Amino acid sequence: MRYSGFRVIKEALTGHRGWGPAWRDPDPQPAYDYVVIGGGGHGLATAYYLAKEFKQSRIAVLEKGWIGGGNVGRNTTIVRSNYLLDGNEPFYEFSLKLWEGLEQDLNYNAMMSQRGIINLMHSDAQRDAYIRRGNAMILNGADAQLLDQKQVLEKYPFLNVKNARFPVMGGLLQARAGTARHDAVAWGYARAADQRGVDIIQNCEVTGFRIEGGRVQGVETTRGYIGAEKVGVCVAGSSSRVMAYAGMRLPIESHVLQAFVSEGLKPVLPGVITFGAGHFYCSQSDKGGLVFGGNIDGYNSYASRGNLPMVEDVMEEAIAMFPMLGRARLLRSWGGIMDMSMDGTPIIDKTHIDGLYFNGGWCYGGFKATPASGFVYAHLLATDTPHDTATAFRLDRFHTGHMVDEKGVGNQPNLH
Amino acid sequence: MIINHPILGPRDSSEFVYLGDACLINRPDWQAEDALEQFIDYGHTRDNPAGLHRELWYHEQGDRSWLVVTRNTVTHEITQVELARDVARAEGRSK
């Protein structure tokens, strides 16, 4: 069933009796060509692009709980490609280009809104760094624009630009960046993948791999053994736990990141805005709530909740930036588990076990990467070669010294 | 989280800086045959368990001691706090 404006009108006139489930609920087959572990945004996108771009068949996505119930359902929905390093920027720009055509491609309203992101700058050194980053973005085919204080104030007249410690000198704008409805991304990919024959199997937790002679044969699950030619693990947040079934230790720590939403307010924030003197990012959802977040709590955690010191820190940053928010009430906060890699950059690579592939280490930047992550992972699974934009995301880069450390803080995961 | 410091008593975790897995106490022998592999592993690879985790915390806003804290990464419950010095010496380290 294709979704369209006519369809909405027709259903409205006939009592909405024609809508069916958006995807099937199949039982697992005994074997597949490709098994993707993890029914989040990345896993569903991988299955979709395997079926669509690489014309593969007999694909299954295995999900422990329900699809889209992990980090794709609990992020701050920001989509952007404002990276500096050559290993990153082409990949994220590829992702942003896929975002731009995503809704037409999937026939699903993902509420993609290119409302622009501004990274505020507060010092001369930061301006120099932003000029460098903006130039790197332009060289890689993205868009970037340096704004002075007056231009920033035109968009955000309420900003506290004369703050004695952190005056706002201007900002780096990426106008094509924006936000997307996070759940709809997972649902859109699920529906589109299902229409191309992908089996999405929920409530199916992987409990082990069957590996013989250095080659993966299939996966053990709570719904029985499932054979597979190739297995793609795509479970950021739980990567270490799942890969431990294959006897692997990863360059990853799991950390908790909190996010927050305020009560619904009238439109105040036209775009996404980030504080340059700390770590704070904020946008306004279509329902009116301000959606914002800051740093990870900073200690290993698998608990999907954080602690109060980071809540206080994020609120302080919010008030430093927007003093007017002092009277807004916080509605909800929640936490998600991040794969924090040792250099702050993801891993999309083969493993030493034939037929077993790994995608993870997304730190807290996985949502914006969803389309490209799925595309390049499907490319890797189907062709056994990395996609041109993802050659730097190797598992062995810590051995060869080719780390991609966007922030330049070294092998300390809680600082990325 | 409250960390029950062995010398100072219960202190808020925000006084501390977190480093990571307590395996970082055991720096590899640089003269070993496979020292390169050992150091790559030491610097980058982690068990990252869901459950009990022994980890290093530094009391930066206090007495600047290093602690080995045993904490459950699923519940955040802290079950044991030791001075890292004592842990290292018990494992045969001289300093």
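In this predicted model, I348(A) touches residues that lie beyond four places away in sequence, namely F91(A), F358(A), N359(A), W362(A), V376(A), Y377(A), L380(A) and F393(A). I348(A) is also among the residues with the most contacts inside the largest nonpolar core, which has 55 residues. L44(A), Y49(A), F91(A), W99(A), Y189(A) and V198(A) are the others named in that group. Several elements of chain A each supply at least two residues of this core: the strands β1 (31–37) and β2 (59–62), and the helices α2 (41–52), α3 (89–100), α4 (102–106), α7 (182–195) and α10 (370–383).

Chain A as a whole has eleven helices and 18 strands. Its radius of gyration is 21 Å, close to the 22 Å that the globule rule gives for 416 residues, so chain A is as compact as a globular protein of that length. Along the principal axes, the C-alpha atoms fill a box of roughly 65 × 65 × 40 Å. Of the contacts between residues at least 6 apart in sequence, 74% join residues at least 24 apart.

Buried residues make up 58% of the 416 in chain A. The chain exposes about 17100 Å², and 52% of this area comes from carbon and sulfur atoms.

Key. Residues are numbered from 1 along each chain as its sequence is written. Chains are lettered from A and ligands numbered from 1 in the order in which they are written. This is a predicted model: local features need pLDDT of at least 70, side-chain atom pairs count only at pLDDT 80 or more; totals for chains, interfaces and linings use all residues. Side-chain values use heavy atoms; hydrogens and water are left out. A nonpolar core is a set of buried Ala, Val, Leu, Ile, Met, Phe, Trp, Tyr and Cys residues joined through side-chain atoms within 4.5 Å. Buried means under 20% relative accessible area, exposed over 50%, partly exposed in between (1.4 Å probe, protein chains only). Helices (H or I, at least four residues) and strands (E, at least two) are DSSP runs, numbered from the N terminus. Contact means heavy atoms within 4.5 Å. The radius of gyration is taken over C-alpha atoms; the globule rule is 2.2 Å times the number of residues to the power 0.38. Accessible areas come from the Shrake-Rupley method with a 1.4 Å probe; for residues, only the protein chains shown count as cover.
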